Amino acid sequence: MSGTNSDRNSLMQKISECEFMMIDLGLYLDTHPDCMPALAAYHKHQASFEKHVAEFERLYGPLTMYSVNSDNCWTWLELPWPWEMEAY
Amino acid sequence: MWIYEKKLQFPVHIKETNPKLAQLIISQYGGPDGESAASFRYLSQRFSMKDRKVMGVLTDIGTEELAHLEIIGAMVHQLTRDLTPEEIEKSGFAPYYVDHTLGVWPQAAGGIPFNACEFQVKGDPITDLTEDMAAEQKARTVYDNLLRLISEPDIVEPLRFLRAREIVHFQRFGEALNITRESLDANNFYAFNPSIDR
């Protein structure tokens, strides 16, 4: 673990922003699958999302059980759960 | 936050429709010990737990139960797909069909609609985890009851998988209860509720 809580929170904010753009654009693309500008925007946010998630998980720990990659301990339980007061 | 994966946790490919069996299996969709009751029970209980491991068990099992709900829904759908009016009438499926056509709606085998009372959240870790162990056994009993009535291999296999998961979850909840007890007074586990008393 490294970085302060405010670094962690600002990285999480970036993840949430990209993720929300993907959710909202994805929903639009469900009913407009041939809209190329929306598809391009989706890919732009997808690339940022993947970059920020990789950075967050490298610094602070896994966001999903499937991204646990530590060899010597089960890191899934280390970060606070999102309803805890110390969560991001 | 959740992410949907476009796959079933265990494959469902039922060749022959069978609306009679669909009416029984639907109990694990919307019955008192079904997968929707399980998922929302565990995901709701998480908030008042005190131990991060126990929160993890409830999160991960609650999530897996949603995948089980989808397996049951797929089974009910495949057992009732493309039914003709004659088949609907002959199989006793007509009362369900009148209200829901061939849609999948949460009800018990006896036709009782899903009831949110099944969620069972007491805000006391020992109470809630004991509830969860019983819930897994009740769901296992329902799968045993179904398996006694069903021999078609393509229906039996997913039911056997789901039955086995109930046993694994029972074990994990037992461990979560032990973890909870470790932080309490071994001479009187019930001296106070760690989620509200100081």
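Reader: Which residues in α3(B) and α7(B) meet?

Author: This is a predicted model. In it, A38(B), R41(B), Y42(B) and Q45(B) of α3(B) meet D128(B), D132(B), A135(B) and A139(B) of α7(B). Sorted by class, the residues of this contact are 4 nonpolar, 1 polar and 3 charged.

Reader: How is the packing of two helices described in general?

Author: For α3(B) and α7(B), the axes come within 11 Å and cross at roughly 165°. An angle over 145 degrees counts as roughly antiparallel, and α3(B) and α7(B) are therefore roughly antiparallel to each other. Their crossing is left-handed.

Reader: Is α3(B) largely enclosed or largely open?

Author: Count the buried residues. In α3(B), 8 of the 11 residues are buried, so this helix is largely enclosed by the rest of the structure. The buried ones are E35(B), S36(B), A37(B), A38(B), S39(B), R41(B), Y42(B) and Q45(B). Burial is judged from how many other C-beta atoms lie within 10 Å, with 20 or more needed. The cover over the buried residues of α3(B) includes α2 (27-30), α4 and α7 of chain B.

Reader: At what angle do α4(B) and α8(B) pack, and how far apart are their axes?

Author: The angle is about 165°, and the axes of α4(B) and α8(B) are 11 Å apart. That makes the two helices, α4(B) and α8(B), roughly antiparallel. The crossing of α4(B) and α8(B) is left-handed.

Reader: Which residues make the contact between α4(B) and α8(B)?

Author: From α4(B), the contact uses K53(B), V54(B), V57(B), I61(B), H68(B), I71(B) and M75(B). From α8(B), the residues include I155(B), P158(B), L162(B), R165(B), H169(B) and F173(B). By class, the contact of α4(B) with α8(B) has 11 nonpolar, 3 polar and 3 charged residues.

Reader: Which members of the largest nonpolar core touch the most other members?

Author: The largest one here has 33 residues, and I25(B), L58(B), I72(B), M75(B) and V76(B) touch the most other members. The elements giving two or more residues to this core are α1 (19-25), α3 (35-45), α4 (52-80), α7 (125-149) and α8 (153-182) of chain B. Of these, α4(B) gives the most, with 11 residues.

Reader: What is V76(B) in contact with, leaving aside neighbours within four places in sequence?

Author: V76(B) is then in contact with A22(B), I25(B), I26(B), Y29(B) and V104(B). Among these partners, I25(B) also belongs to the group that touches the most other core members.

Reader: How many helices and strands are there in chain B, and what are the dimensions of its box?

Author: Chain B has 8 helices and 0 strands. Its C-alpha atoms fill a box of roughly 65 × 35 × 30 Å along the principal axes. Of the 198 residues of chain B, 33% count as buried. For the range of contacts, take those in chain B between residues at least 6 apart in sequence: 77% of them join residues at least 24 apart.

Reader: How many residues of chain A are in contact with chain B?

Author: In general, the size of an interface is often given as the accessible area lost when the parts come together. Here a residue count is at hand: 5 residues of chain A are in contact with 6 residues of chain B. On the chain A side, the residues touching chain B are 5 nonpolar, no polar and no charged.

Methods: Residues are numbered from 1 along each chain as its sequence is written. Chains are lettered from A and ligands numbered from 1 in the order in which they are written. This is a predicted model: local features need pLDDT of at least 70, side-chain atom pairs count only at pLDDT 80 or more; totals for chains, interfaces and linings use all residues. A nonpolar core is a set of buried Ala, Val, Leu, Ile, Met, Phe, Trp, Tyr and Cys residues joined through C-beta atoms within 7 Å. A residue is buried if 20 or more other C-beta atoms lie within 10 Å of its own, exposed if 12 or fewer, and partly exposed in between; C-beta atoms are placed from the backbone. Helices (H or I, at least four residues) and strands (E, at least two) are DSSP runs, numbered from the N terminus. Two residues are in contact if their C-beta atoms, placed from the backbone, lie within 7 Å. Ala, Val, Leu, Ile, Met, Phe, Trp, Tyr, Cys and Pro count as nonpolar, Asp, Glu, Lys and Arg as charged, and the others, Gly among them, as polar. Axes are lines fitted to C-alpha atoms, for helices over the stretch in contact, and angles run from 0 to 180 degrees between N-to-C directions. Angles under 35 degrees count as roughly parallel, over 145 as roughly antiparallel, 65 to 115 as roughly perpendicular and the rest as oblique. A crossing is left-handed if the near helix is turned anticlockwise from the far one by less than a right angle, and right-handed if clockwise.
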